[in-house]
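This briefing is intended for reading alongside the sequence and the coordinates.

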Amino acid sequence: MPNTNKRNNIEKKLEAISGVAQKDPNEHIELEIMLNLKALYEEAKQGGYSGSFEDYQKTLSDNQVKEIMLSKGGTVGAKS
């Protein structure tokens, strides 16, 4: 008797995706920003800053935050 179990049969061929995977270029932006912030915090601690990481973040101006976000290029638009 032939095996009628179609569980392992391929019914439809999947289209190939170029490259390993198509990724969103902004997928890890939050991680990159946090890593940059932590590196700057560590530098500030070595320079004598004694506050917490959260306190350090509060001391940053909007322009400093934009610079952190732009450390690898790009543009930041102003909100009106």
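A residue is called buried when its relative accessible area is under 20%, exposed when that area is over 50%, and partly exposed in between. Lys 45 has a relative accessibility of 38%, so Lys 45 counts as partly exposed. The model described here is predicted. The average pLDDT of the protein is 74, and 56% of the residues score at least 70.

**Confidence by element**

- Helix α2, residues 53-59, has the highest mean pLDDT among the elements of the protein, at 92.
- Helix α3, residues 62-69, has the lowest mean pLDDT among these elements, at 82.

**Nonpolar core**

- The largest nonpolar core has seven residues: Leu 37, Tyr 41, Ala 44, Phe 53, Tyr 56, Leu 60 and Ile 68.
- Helices α1 (29-46) and α2 each supply at least two residues of this core, and the largest share, three residues, comes from α1.
- Which residues does Leu 37 contact when its neighbours within four places in sequence are left aside? The partners of Leu 37 are Phe 53, Tyr 56, Gln 57, Leu 60 and Ile 68.

**Nonpolar surface**

- Val 65, Met 69 and Leu 70 form a nonpolar surface patch of about 200 Å².
- Met 69, a residue of helix α3, has a relative accessibility of 38% and therefore counts as partly exposed.

**Salt bridges**

- Side chains of opposite charge can pair when their charged atoms come close.
- The structure contains two salt bridges.
- One of them joins Glu 42 to Lys 45, with 3.7 Å between the closest N and O atoms. Both residues belong to helix α1, where they are three residues apart, about one turn of the helix.
- Glu 42 has a relative accessible area of 39% and is partly exposed; Lys 45, at 38%, is also classed as partly exposed.
- Glu 54 and Lys 58 are joined by a salt bridge between their side chains, with an N to O distance of 3.4 Å. Because Glu 54 and Lys 58 are four residues apart in helix α2, about one helical turn separates them.
- Are Glu 54 and Lys 58 buried or exposed? Glu 54 is exposed at a relative accessible area of 52%, and Lys 58 counts as exposed at 61%.

Terms used
Residues are numbered from 1 along each chain as its sequence is written. This is a predicted model: local features need pLDDT of at least 70, side-chain atom pairs count only at pLDDT 80 or more; totals for chains, interfaces and linings use all residues. Side-chain values use heavy atoms; hydrogens and water are left out. pLDDT is the predictor's confidence in each residue, from 0 to 100. A nonpolar core is a set of buried Ala, Val, Leu, Ile, Met, Phe, Trp, Tyr and Cys residues joined through side-chain atoms within 4.5 Å. Buried means under 20% relative accessible area, exposed over 50%, partly exposed in between (1.4 Å probe, protein chains only). Contact means heavy atoms within 4.5 Å. Patches are made of residues with over 30% relative accessible area and no salt bridge: like charges are joined within 9 Å, nonpolar side chains (Val, Leu, Ile, Met, Phe, Trp, Tyr) within 5 Å. Accessible areas come from the Shrake-Rupley method with a 1.4 Å probe; for residues, only the protein chains shown count as cover. A salt bridge is a side-chain nitrogen of Lys or Arg within 4 Å of a carboxyl oxygen of Asp or Glu.
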